[in-house]
Amino acid sequence: MTLARRIVAEGLGTALLLAVVVGSGIMAERLAGGNTAIALLANALATGAGLVALILMFGPVSGAHFNPVVTLSAAWQGLHPPRDVLPYLAVQTFGALAGVATAHAMFGLEAFTASLHVRSGAGQWWSECVATFGLLGVIIGCTRSRPGVTPFAVAAYITAAYWFTASTSFANPAVTLARSVTDTFAGIRPVDAPGFIAAQLLGAAAATVLFRWLYAEKKEQP
């Protein structure tokens, strides 16, 4: 695939992912009647289902990273051309913002509004570190052992992580930035985003080191 095709697929996939995350959050909050647990469940299930479809759709074209830390990890492992890293990061960020604007338009909201949703503190940051660590572990482990199940494993993990982490598992710097400009169920205050991103980078780095070692190919015996 040419770089042009890959970055279009990556940007479009990221945009659709954010449209799913933010749009389902808005719909869930409006229909849940104030029941936050029901709203979170609906948001998590929609996100998991959307992830399966999007990874299956765009995986053969761009690899369906939709996430800067996935791209950085792949480049670190020698699985992604270093010259393509910056284009991927740029379209992931742009696509994420476009996805937020798309979701807002569907629900009659302004394109961007700074979030007032407080997500800060050690527990939240640790949650993002753990969530991102687990996500990269799932991706590295599955792609090296059973690549065909990777879309389903990633979606299952993210759906679960919505519930077992205090932060509801952003696990994605581009998603974090984009969710800072939606004052809806999925939002995060712009001032809280840097802490999340730092924790995500730390978790991704730790996972890349550990799972690259765990799944290292055995050297042939002489």
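Analyst: Asn43 has a relative accessibility of 2%, which is under the 20% limit, so Asn43 counts as buried. The model is a predicted one, and what follows describes that prediction.

Asn43 belongs to helix α2. Leaving aside residues up to four places away in sequence, Asn43 touches Val21, Ser24, Gly25, Ala28, Tyr162 and Phe185. One of these neighbours, Val21, also takes part in a polar pairing: its backbone oxygen lies 3.0 Å from a polar atom of the Asn43 side chain. Gly33 is 10 residues from Asn43 along the chain, and the C-alpha atoms of the two are separated by 14 Å.

The next step is from the residue to the helices. Helix α1 covers residues 3-31 and helix α2 covers residues 36-62. Their axes come within 9 Å and cross at roughly 170°. That angle is over 145°, and α1 and α2 are therefore roughly antiparallel to each other. Sorted by class, the residues in the contact of α1 with α2 are 14 nonpolar, 7 polar and 4 charged.

Beyond α2 comes the loop that joins α2 to α3, and Ala64 has its place there. Ala64 is buried, because its relative accessible area of 9% is under 20%. Its phi is near 50°, a positive value in a residue that is not glycine. Phe66 is in the loop between α2 and α3 as well. Its phi is also positive, at about 55°, although Phe66 is not a glycine. With 2% relative accessibility, Phe66 counts as buried. As background, most residues other than glycine have a negative phi.

Gln92 lies in helix α4, residues 85-106. Its relative accessible area is 0%, so Gln92 is buried. The side chains of Gln92 and Glu10 are joined by a polar contact of 3.0 Å.

Within α3, the buried residues are Pro68, Val69, Val70, Thr71, Ser73 and Ala74. These buried residues pack against α4, α5 (122-145), α7 (173-179) and α8. After α3 comes Gly78, with a positive phi near 80°.

The pairing of α3 with α8 can be followed residue by residue. The axes of α3 (residues 68-76) and α8 (residues 193-214) come within 10 Å and cross at roughly 35°. The crossing of α3 past α8 is right-handed. On the α3 side, Val69, Leu72, Ser73 and Trp76 make the contact. On the α8 side, the contact residues are Gln200, Leu201, Ala204, Ala205, Thr208, Val209 and Arg212. By class, the residues of this contact divide into 7 nonpolar, 3 polar and 1 charged.

Notes. Residues numbered from 1 in each chain as written. Predicted model: local features only at pLDDT ≥ 70, side-chain atom pairs only at ≥ 80, totals over all residues. Heavy atoms only, no water. Axes fitted to C-alpha atoms, helices over the stretch in contact; angles between N-to-C directions. Helix = DSSP H or I, 4+ residues; strand = E, 2+ residues; numbered from the N terminus. Left-handed = near helix turned anticlockwise from the far one by under 90°. Contact = heavy atoms within 4.5 Å. Nonpolar A, V, L, I, M, F, W, Y, C, P; charged D, E, K, R; others polar. Parallel < 35°, antiparallel > 145°, perpendicular 65-115°, else oblique. Buried < 20%, exposed > 50% of the residue type's maximum accessible area, 1.4 Å probe, protein only. Polar contact = N/O pair within 3.5 Å; in protein donor to acceptor, adjacent residues only side chain to side chain.
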